[in-house]
Structures are given as structure tokens and as C-alpha cells.
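Here are my notes on this one, as numbered points you can check against the coordinates. Have a look at the fold first, then read on.

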Amino acid sequence: MLQGVIFDMDGVLVDTEPIWDSIWPACFERMGLPLPPASFYTGGRGMSGETYANYVQGFYPQVDAKELVALFMQLGEERFALGVPVKPGARELLDYLKGQGVPCAVASSSLRSIIECNLRSTGLAGYFDVIVSGQDVTFTKPDPTIFLLAAERLGVDIRRCLVLEDSLNGVRAGHAAGAVTVMVPDLIPPNDEIAQIYDGCCTDLLEVKSLLAQGRL
């Protein structure tokens with residue numbers, strides 16, 4: 001029996017991944033850096049904090065990666081204060097889960113201030129019992145700690161939790177945590193590795209709601 005649902009935020013609840021990508025060029029310009037290859041964006045999705053800084057350092061060994069990531073987060077906060085769009089099916093799924101009495105959490109690598117701002121501006125804040133941010137853990141996705149902590153704070157068994165993720169690193173983290181992990185792709189489709197470890201793949205959150213209502217998740 002499903003005990004809880006843990007949502008990633010960017011790319012799952014809110015349509016912010018393209019916004020994040022649009023912020024990076026301003027960071028590189030300010031730091032006098034060349035634009036990175038496309039793999040920079042795809043490989044880093046779902047990361048933050050120390051994990052992200054280490055990842056960025058691999059592309060830009062000549063700079064202080066923590067400073068670069070801090071600038072990225074600062075510009076992100078400024079942009080998200082203007083509001084963000086909600087992903088299709090988010091409200092419908094959350095209403096369904098609320099009606100079923102299933103507790104929900106957000107486990108996002110973003111800063112807590114950004115998570116709270118996005119949930120508040122979209123009117124989604126009231127659906128969530130727990131928020132776990134990248135600041136609450138030492139290592140972010142693909143490390144599973146963020147999902148394990150979310151389940152612990154919900155007071156549920158992670159093995160009875162559904163994790164909804166759009167990124168490859170997020171799916172890796174959900175699988176490693178032992179949760180039922182469903183990918184809802186946003187900008188990046190699943191690859192062969194990811195298809196081997198997720199428990200399902202849905203086109204959007206409306207499909208997730210339909211499968212739950214049918215008892216297929």
C-alpha cells in the first residue's frame with residue numbers, strides 16, 4: 001500500500017528547467033568563461049551544493065566552482081521571484097493524493113528559499129507535509145540521502161513511497177533509496193541505463209494520477 005509520494009520540483013511540479021538553463025550564460029559571462037558543451041547541462045540536472053560544485057569544477061578547473069554555483073543560485077532566486085509555470089497534471093495529481101489521504105513531500109536539490117518561493121507563488125505549498133532541500137543533505141542526487149530523509153520526515157517506509165523524477169540523476173537517487181521510482185521526462189528522455197532501474201515512465205502527471213487510480217502504481 002502506498003504510504004507517501006515524494007516529488008522532485010524542477011521539471012516535475014514546475015516548468016523551470018529551461019529557466020535554469022537560460023541563467024547559466026549570464027553566469028559564464030560575468031565570470032569571463034566560455035560556454036560549456038551541451039553535456040554540462042544534461043549531466044548536472046538534479047545536483048546542487050557540494051555535489052554540483054564538484055561537477056562544475058570538472059568543466060572549469062580554473063575557477064572557484066562554489067562561487068560560480070552561488071552566483072547561479074542567486075540569479076535563479078531573482079528570476080523565480082517573478083513566478084513560474086506549473087507542470088501539466090500537477091494540481092490534479094495533488095488533489096487526488098490529498099483526497100486519498102496520501103502524504104506528500106518535495107525533495108529538491110534547489111535551495112529551500114527557492115522551493116518555498118515556487119510552491120507559494122504557484123499555490124502548491126498547502127499540498128506538502130515535508131520539504132527537503134539540497135541544503136539539508138551533504139550530497140545531492142544521484143545520492144539517495146535526500147529521498148531517505150524525506151521519507152523519514154514523512155514517517156513512512158521509503159519502500160512504500162512513490163518517487164516522481166524527471167532527471168537521470170533523480171531516477172538514480174530514487175532507485176538507490178529503494179523507492180518505487182517513476183520517471184516523468186522533461187528535457188531529457190530516459191536512456192538504456194535509466195530504463196533498467198526505474199519502475200515506470202509516464203508522459204505527465206495526469207498519467208501518474210490515472211495509473212494510481214487504477215491501482216497500477
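1. Let's start with what lines the largest cavity: by class, the lining has eight nonpolar, seven polar and eight charged residues. Bear in mind throughout that this is a predicted model.

2. Who sits around that space? There are 23 lining residues in the largest cavity, and those nearest its centre are Glu17, Trp20, Arg45, Gly46 and Met47. Three elements, α1 (17-30), α2 (39-44) and α4 (65-80), each give two or more residues to the lining. Helix α1 provides the largest share, with four residues.

3. As for size, the largest cavity holds about 250 Å³ of space. Counting cavities of 30 Å³ or more gives one.

4. The largest pocket is another matter, with a volume of about 150 Å³. How does its lining divide by class? It has eight nonpolar residues, three polar and no charged. If you want to find the pocket on screen, select Met1, Leu2, Gln3, Tyr96, Leu97, Gln100, Gly101, Val102, Pro103, Leu212 and Leu217, which line it.

5. Now for the helix packing. Two packed helices are described by the angle between their axes and the distance between the axes. For α3 (residues 49-59) against α4, the angle is about 115° and the axes are 8 Å apart. The crossing of these two helices, α3 and α4, is right-handed.

6. Which residues make that contact? From α3 come Glu50, Tyr52, Ala53, Val56 and Gln57, and they meet Ala65, Lys66, Leu68, Val69 and Phe72 of α4. Sorted by class, the contact of α3 with α4 has seven nonpolar residues, one polar and two charged.

7. The structure has 16 aromatic pairs. One of them is Trp24 with Phe72, a stacked pair at 4.0 Å centre to centre, with 10° between the planes. Trp24 belongs to helix α1 and Phe72 to helix α4, so the pair ties together parts that are 48 residues apart in sequence.

8. Last, a backbone point to check. Most peptide bonds are trans. The bond joining Lys141 and Pro142, though, is cis, with omega at about 20°. Where does Pro142 fall? You'll find Pro142 in the loop between β3 (130-132) and α7 (145-154).

Note on methods
Residues are numbered from 1 along each chain as its sequence is written. This is a predicted model: local features need pLDDT of at least 70, side-chain atom pairs count only at pLDDT 80 or more; totals for chains, interfaces and linings use all residues. Side-chain values use heavy atoms; hydrogens and water are left out. On a 1 Å grid over the protein atoms alone, a cavity is a set of points where a 1.4 Å probe fits but cannot get out, and a pocket is an open set with protein on both sides within 12 Å along at least five of seven lines; lining residues have an atom within 4 Å of a point. Grid points are joined across faces, edges and corners, and a volume is the space filled by probe spheres set on the points. Ala, Val, Leu, Ile, Met, Phe, Trp, Tyr, Cys and Pro count as nonpolar, Asp, Glu, Lys and Arg as charged, and the others, Gly among them, as polar. Axes are lines fitted to C-alpha atoms, for helices over the stretch in contact, and angles run from 0 to 180 degrees between N-to-C directions. A crossing is left-handed if the near helix is turned anticlockwise from the far one by less than a right angle, and right-handed if clockwise. Contact means heavy atoms within 4.5 Å. Rings of Phe, Tyr and Trp (its six-membered ring) pair if their centres lie within 6.5 Å; planes under 30 degrees apart count as stacked, over 60 as edge-to-face and the rest as tilted.
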